[in-house]
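The following note sets out numbered points on the model shown below. Each point takes up one aspect of the fold or of its local geometry.

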Amino acid sequence: MSRKKASRAVWVLLLCGAAAAVALYAVLSRETVWYFQETDRILDNPDRGFYIQIDSRRADKIPDAADEVRVILLAFDIEAFSSGDLPQEKLDELREALDVAAREHVSVVFRAAYGFQKEAAEPDRIGRMGRHIEQMAEVLNCYADQILVVQAGMLGSYGEWHSSRYLEGTDEQQRESRLYILGQWEAALSPQIQVDVRRPRFIREAAEAGILSGRLGIHNDALLSTDSDMGTYDAPGMEREDELVWMREHLTRRVNGGEMPMLGAFSLPENADREFAMMHTGYLNLKYNKEVIAYWDTAMLGEHNAKRYLENHLGYRLFVTELGMRQLHFPGELYMTGIKIRLKLCNTGYAPLPEPYQVFLAVSAGGECIYQKIQMPALYDAANGGTAEAEVRIKLPMDFVQGKDTLEIGLKIARSEDVEDGKDCVELAHEGSLYRDGINAVAVLERTKGIFRARPLAEEKGREQGYGSKIVSAYGGSVWLS
């Protein structure tokens, strides 16, 4: 071999070795890991929690309600229109109420009824109800992102599917009436809108008929009341516990809620917590029953105030339990560099995170922010202490890194990365997180002598928010971005 060829071969070997060393260094560079604990602070998160009922004619009350809750039950009284179509003025009333709800960042549980009193003034023909559903759905579909769930309503007193002329006669006749209403909602509503019915038996009944498959949850307006919750659990051969087990297994990704009509043995905080977890409860009436709520506020659930604990766990409650960070280099791509994040989220809420929400890694500095979507499919089934894990790599262009002494690492959970208002994003519940502008900052990268090193958020930042960092352990490593 000539000296020239030998020299060239040496250079090739050296270059290959260097490339291999860089690749190996990226793989073997030490990971910085932090572990976090959950806080008990109340979070102002969307699409979950206590609700307040408001008549659609009183949209002016929605802003006051928004100071207390993130969910309202919008009662749409159509008693006066049982003999004809809903007039445009009534539909405009609904549209105005939904507009106000959107401006105030409150989600809507919608229920229509032919009178919100003991005696319902129903149409002479059930087909008239179908026409009214068609008219209302046309408005509701325009606000699909604002609708938490539509309660099937329409039939009987308060729209609760009892005391109705269409729920008399034979079992088959009653079944036909119920399925007709659900079929009309399915035909008219946007597919993304879920629907709630009064009893688990009605969900199974609709499933057998192939109506609203995968979209039916429960609103139990007799929660924690009697052995059968006033007829809620009325299926032949199934006791209360059987129905709770069935809901735990079949209603995970549904929107479920209700209200408590009376104080009794089932209202004990320990039982409420157990049943809400099995039912995947996401929303509860704050005003009914006040006696039950007041009792919870004076009782304890373990080491916690019962009302505070139960409220905290309605719907989803997410927090980071483990965060690992490792450096990455991309030498062949215009000197780009980046981070590999290993993330573990826990959900101690009764229900999973709603599927429209997505998780994004956010790296921000100097008013700029780079997002990377994190794929976490298990998150949409995790509840009651369930977890989801993911790894994500994000590339940081040198023109983003240069001239900056601090980079902030955070998580944004929203319907899209373009959501700007933090009220529409999800705040995490672990100690040491700093939430602002819709981003949960969890760590910072600080430049020291040209090198960025990772650390969790400083404890003094936590104190500014009224809580302290409680990181169980942290060890080793730095993230080099220079």
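1. A nonpolar core is here a set of buried Ala, Val, Leu, Ile, Met, Phe, Trp, Tyr and Cys residues joined through side-chain atoms within 4.5 Å; buried means under 20% relative accessible area, with a 1.4 Å probe and protein chains only. The largest such core has 80 residues, and those with the most contacts inside it are Phe-110, Met-154, Leu-182, Trp-185 and Trp-296. A second, separate core of 38 residues includes Tyr-316, Val-363, Val-442 and Leu-445.

2. The model is predicted: local features need pLDDT of at least 70 and side-chain atom pairs count only at pLDDT 80 or more, whereas totals for chains, interfaces and linings use all residues. Residues are numbered from 1 along each chain as its sequence is written, and side-chain values use heavy atoms, with hydrogens and water left out.

3. The protein chain has 12 helices and 21 strands, taken as DSSP runs numbered from the N terminus (helices: H or I, at least four residues; strands: E, at least two). Of its 482 residues, 55% count as buried. Contact means heavy atoms within 4.5 Å; among contacts between residues at least 6 apart in sequence, 75% join residues at least 24 apart.

4. Phe-110 touches, among others, Leu-74, Phe-76, Met-136 and Trp-185, not counting residues up to four places away in sequence.

5. Met-154 is in the loop between strand E5 (147-151) and helix H5 (171-188). Its phi is near 70°, a positive value in a residue other than glycine, and Met-154 is buried, with a relative accessible area of 0%. Leu-212, in the loop between helix H6 (200-209) and E7, likewise has a positive phi, near 55°; its relative accessible area is 1%.

6. Asn-220 lies in strand E7 (residues 216-220) and is buried, at 0% relative accessible area. A polar contact (N or O atoms within 3.5 Å, one able to donate a hydrogen and the other to accept it) of 2.9 Å joins the side chains of Asn-220 and Asp-229. Asn-220 also touches residues including Arg-198, Tyr-233, Glu-259 and Met-279.

7. The axes of helix H8 (residues 269-279) and helix H10 (residues 306-313), fitted to C-alpha atoms, come within 11 Å and cross at roughly 5°. Angles under 35 degrees count as roughly parallel, so H8 and H10 are roughly parallel to each other. Pro-269, Ala-272, Asp-273 and Phe-276 in H8 meet Ala-306, Tyr-309 and Leu-310 in H10.

8. A cis peptide bond, with omega about 10°, joins Tyr-288 and Asn-289. Asn-289 is found in the loop between strand E9 (281-285) and helix H9 (290-298).

Methods
Buried < 20%, exposed > 50% of the residue type's maximum accessible area, 1.4 Å probe, protein only. Axes fitted to C-alpha atoms, helices over the stretch in contact; angles between N-to-C directions. Parallel < 35°, antiparallel > 145°, perpendicular 65-115°, else oblique.
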